[in-house]
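Let me put the structure up, and then I'll walk you through it.

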Amino acid sequence: MTTESLVRTEELRIYFPVRKFFGTVGEVKAVDGVNLSIGRKETVALVGESGCGKTTLGRALLGLVKPKSGKIFFDGTDLTILSERELKLMRRRMGVVFQDPYASLNPSFTVYRIVEEPLVVNKIGSKEERREMVLKALEEVKLNPAEFFASKYPHMLSGGQRQRVAIARAIITKPEFVVTDEPVSMLDASIRVEILLLFREIQKKHGVSFLYITHDLATAKYFSDRIAIMYAGRIVETGPTKAVLSEPLHPYTQALIDAIPDPDPSNRFVMRKIPPGQPPSLVNPPKGCRFHPRCPFFMQGKCDVLEPPMYRVGVERFSACFLHEEKVTIK
Amino acid sequence: MSSIIAEGLKSVASYKSALIGAAIILMLVGISIYTVAAIPYDEAVRLWRAGEQTWIEAPRNAYPTWYSYILQKRLPETIIKDSSKPELGVNKVIVPAGETIKVLRIEMSFAFDYDDIPSEINIFYTVRYNKSAPQITMTWIKPDGTEIELRKFNPGSDGAYYLSVDASLASREVERLVNKFGQRPSYELTPTVSLFAVEDRSILERDTVTVMKGVYRLSVEGLLLDPQSDFDLKLVVYGKVYGWAGTDHLRRDIGIALLWGTPIALTFGLIASVSIALIQMAIGAVSAWFGGVVDNFIQRVTEVFIVLPFLPTLIMVSTLYKIDIWTILLVVIILLSFGPGVKNYRAVFLQLKESQYIEAAKAFGAGAPRIILLHLVPRVIPTMIPAIVYSVADFVFLEAALAILGIGDPRTPTWGKVIEDSFYGGALFKGLYYWTLQPAFLLLITSLSFALVGLTLDKIFNPRLREV
Ligand SMILES: Nc1ncnc2c1ncn2[C@@H]1O[C@H](COP(=O)(O)OP(=O)(O)OP(=O)(O)O)[C@@H](O)[C@H]1O
Ligand SMILES: [Mg+2]
């Protein structure tokens, strides 16, 4: 475990009710017992198939969804017990960049107002000070000349430029922690690298912690220090990114990497195919290990009965699979 | 949002139909401003409700003046001569003829060169005396010199001589014509006709009667039997046209109702459509934002209001309580506040609420009021504008329809009221088309103009919204 973690969750559970006509008929267990920690100035990639709960986890870290149980610590404060007012104050210290640059900006605001809005809401600075901050933030995300872009409306900008505006908005309050939810997946391949470089630059300059949500292993490798592999509402493996990708421990991680069709020298880890079988229902997840119906190493009477604990497998490496049972001690 | 609206308005100008619509709306607004400035509302209501006494000098069911141009015929206008207000062609002399007796002589003359016979003739008189009422003889002298004694009487008090309906004069006239031409007129001759028609055999047939043009005279001779005695009269020869809009069965100037109908229709339509749209939007926003119990409650109330039959309810309310037009407006707004629009707006807000930029706003700490007012509502307003503009026409029509059904405000002069009167007055049956068609035309161009502009706004705003 990182000694100094900025964000940490403990047995976090987030369930959404499934309604039908009258009353609730079940729950979507979007996040089901997640322990995750993100250190200061650390970038953690959260990788998993679509619908496994990545976005929900990210939103929870920002205090945007109320968890059913568990705790979320931000700089030592438990967000789950804060009032809405106190939460607002904490949110000043966080930022978010979403996937869709077309939907994440208010189309009726100018770029200037979009970026200024967090300052206005949090009553930071005078009008002149705010102006300076906005223009500086626009320069920082390489929207030059800043004055020119400040007067534009989102629909006048390209996807990449919009995403830069979203980044400027996320960093304007000088947050310590930024959640980026698939920030490049909707962008042209040529722009992705630029945006990721920008994130890295910002991180170096301001020492921001990042949670980088993606299902693209290639960019995760490129951008993150540590990686967390999520499957059906649970984290199945964490560890330093390079180590996990070159030597995956959990069968699911292995399947993810194997699914990459062409491991050519440039190491383009793009997830093309999901492992065989279907991702499980989050309303009625499989008993025991959730991956067991698709797992090549399935052990009858064990994997479908007991939930595998997190095993410590080497330095900084954790994997929730009974295969490690003999080799290692329980964390 | 302001940019979207500004751009939208700019592109409106490139649509011809919208320009026409906008021009009509501007004209209606101009008329409204003029009306409100020129005829105060209270004055308009007073004139409209005054009854026949105020309008006694106006012709009944007169055509608008512009009918003369259409019919290519000079239709008579109203001529008024007053002996107490001497002018050219009005002479009054009183000559002493003894100790207390005086002789009164009033001569009135006017040129008449219209192509039609007047609609009516009335003489209003005032009289003053101590003991004995004066003795008055009135004689009508046609341009060709034909003298017709109208009436010989001792007016005991102020009064009116309704010449057109004087039965004895009518029968004397028939007799005179029988003596002159040896034949009775083939129709029911009224004094108005015989006083103005050419004195030949054409007068005997209704279809051949022609107007005698020239200078007519009314000659009054009287014996004033008291020293203080006096007599004055006012001759009103009612025309067949009046004002730019004509008059109704109560001699009222329809123009007043048409003029005042404009600001009333526009205000009614605009207030109703804007406030209903805003209220529905606000309710939809609250419903979508808070969800849960609030949402459930609002949705059920909305459903109740949707199944509530609008018109019957409105009719019931307005028959139970005799209400004026602004109360009707209020009732309409209340009945429609929970209309189907609530569901539409709720759906739009539910969708917008989940959008990422709202999530982003929550993430940097914006509160609910700020998000709703600054980030949600401005997104919806451009979509509302075409609908609001459209429905102005609907509500203008609604107001007229209510008036025609007889549940409108009887006090206020409105287009619908004029149409209602025209129905009861049998306007279309009697060929008084102007009475019904003028307000109907105004209603039509009003709704047409709003429809044209609304249609264009729809074209402009909606594709753009889909795109952004
Ligand atoms: N507000 C909500 N109400 C109900 N169910 C929800 C809600 N948000 C998410 N879910 C459900 O929770 C599950 C996880 O969703 P989530 O968006 O977190 O997945 P994800 O990993 O981000 O997927 P993707 O890669 O497609 O973005 C899904 O089954 C989704 O339907
Ligand atoms: Mg997601």
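So, how many salt bridges does the rule find across the interface of chain B and chain A? Two, where a salt bridge is a side-chain nitrogen of Lys or Arg within 4 Å of a carboxyl oxygen of Asp or Glu. Take E117(A) and R370(B): they form a salt bridge, and the closest N and O atoms are 2.7 Å apart.

Quick housekeeping. This is a predicted model, so bear in mind that local features need pLDDT of at least 70 and side-chain atom pairs count only at pLDDT 80 or more, while totals for chains, interfaces and linings use all residues. Residues are numbered from 1 along each chain as its sequence is written, chains are lettered from A and ligands numbered from 1 in the order in which they are written, and side-chain values use heavy atoms, leaving out hydrogens and water.

Back to the interface. Between chain B and chain A there are eight residue pairs in polar contact, both partners being at pLDDT 80 or more. That term means a pair of N or O atoms within 3.5 Å; within protein, one must be able to donate a hydrogen and the other to accept it, and residues adjacent in sequence count only if both atoms are side-chain atoms.

On chain B, the elements giving two or more residues to the side that touches chain A are α1 (2-12), α12 (356-363) and α13 (368-404). Helices and strands here are DSSP runs, H or I of at least four residues and E of at least two, numbered from the N terminus. α12(B) gives the most to that side, with six residues. By class, that side of chain B has nine nonpolar, six polar and four charged residues. For the classes, Ala, Val, Leu, Ile, Met, Phe, Trp, Tyr, Cys and Pro count as nonpolar, Asp, Glu, Lys and Arg as charged, and the others, Gly among them, as polar.

With contact meaning heavy atoms within 4.5 Å, there are 19 residues from chain B and 24 residues from chain A. The two chains bury about 2100 Å² between them, 61% of it on carbon and sulfur atoms; that's the accessible area (1.4 Å probe) that two parts lose on being put together, summed over both. In chain B, Q356(B), E359(B) and F364(B) lose the most area to chain A, together 30% of what that side buries.

Now the whole structure: over all chains, the search turns up 42 salt bridges. One of them joins R164(A) and E194(A), with the closest N and O atoms 2.8 Å apart. R164(A) sits in helix α6 (residues 159-171) of chain A and E194(A) in helix α7 (residues 189-206) of chain A, so the pair ties together parts that are 30 residues apart in sequence. R164(A) is buried at 9% relative accessible area, whereas E194(A) is partly exposed at 43%. The cut-offs are under 20% for buried, over 50% for exposed and partly exposed in between (1.4 Å probe, protein chains only).

There's also a network of salt bridges in chain B, linking K142(B), E173(B), R176(B), K180(B) and E199(B).

Last stop, the sheet in chain A. It's open, with four strands in the order β2-β1-β4-β5 and antiparallel pairing. Pairing takes at least two DSSP bridges between two strands. β2 (24-39) and β5 (77-78) of chain A stand at the edges, each with a single partner strand, so one side of each has no neighbour in the sheet. Strand β1 (residues 5-19) of chain A runs antiparallel to β2(A), joined by 12 bridges. And F16(A) stands opposite V28(A) in β2(A).
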